[in-house]
Amino acid sequence: MIAIIEKIGNVRRFLLNQISDLSPEQLNEIPKGFNNNVIWNLAHLVVAQQSLCYVRAGQSVVIDERYMPLYKPGTKPEGLVDAYEIEKIKDMMLTTLDTLKVDYANGVFDNYPVSSIRYGEMASIDDALQYILFHEGIHFGYIMALKKLL
C-alpha cells in the first residue's frame with residue numbers, strides 16, 4: 001500500500017504543478033456554475049485523507065483541526081484564503097502523505113474498523129487508500145475544469 005500512497009503523492013505533485021501559475025485571486029475565484037474554488041478543492045483533499053485514514057481509525061489528525069470543518073464534504077468556501085494559508089495548504093498536500101507513509105508502516109491503522117461510504121464499504125486502511133486515489137482523481141478533474149474558467 002505504500003505504492004498507493006506514492007501514487008497519491010504523484011497525483012498531488014502533478015496537480016500542484018498544474019496550478020503553480022495561478023494567483024491567490026485565481027485560486028479563490030468561484031466561476032459561475034461552481035460552488036467552490038481551486039484552493040477549497042486542495043484543502044478538501046487533505047481533509048478527506050485525514051478523515052478517511054486517521055479519524056475513521058480513531059486516531060488524531062496530523063493537521064490543525066480547524067481545517068476539518070471548513071473543508072469537509074458538503075462545505076463551500078467561507079471567505080478568501082490568503083497567500084500564507086494557500087502555501088500552508090499546498091505544503092500539507094505532500095507533508096501529510098509523508099506522515100501517512102510512516103504511520104502506515106508503523107501499524108497505526110491496524111485496527112481500522114469496517115465502515116460504509118457513499119460508494120460502498122471500507123474494511124481496512126488499504127480500502128481507504130484505494131478510495132482516496134479515486135477521490136483525488138475526481139477532484140483533479142474539478143480543479144482542471146475550474147482552471148479552464150479562470
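Tutor: What follows is a short exchange on the core and the aromatic pairs.

Tutor: This is a predicted model, in which local features need pLDDT of at least 70, side-chain atom pairs count only at pLDDT 80 or more, and totals for chains, interfaces and linings use all residues. Residues are numbered from 1 along each chain as its sequence is written, and side-chain values use heavy atoms, with hydrogens and water left out.

Student: How many residues has the largest nonpolar core?

Tutor: The largest nonpolar core has 45 residues; such a core is a set of buried (under 20% relative accessible area, 1.4 Å probe, protein chains only) Ala, Val, Leu, Ile, Met, Phe, Trp, Tyr and Cys residues joined through side-chain atoms within 4.5 Å. Ile19, Leu42 and Ile89 have the most contacts inside it.

Student: Which element gives the most to this core?

Tutor: That is α3, with 11 residues; helices are DSSP runs (H or I, at least four residues), numbered from the N terminus.

Student: Turning to the rings, how many aromatic pairs are there?

Tutor: There are four aromatic pairs, meaning ring centres within 6.5 Å, with planes under 30 degrees apart stacked, over 60 edge-to-face and the rest tilted. Among them, Phe14 and Phe140 are stacked, at 5.7 Å centre to centre and 25° between the planes. Phe14 lies in helix α1 and Phe140 in helix α6, 126 residues apart.

Student: Is Phe140 buried or exposed?

Tutor: Phe140 is buried, because its relative accessible area is 19%.

Definitions and conventions: Buried < 20%, exposed > 50% of the residue type's maximum accessible area, 1.4 Å probe, protein only. Helix = DSSP H or I, 4+ residues; strand = E, 2+ residues; numbered from the N terminus. Phe/Tyr/Trp six-rings, centres within 6.5 Å; stacked < 30°, edge-to-face > 60°.
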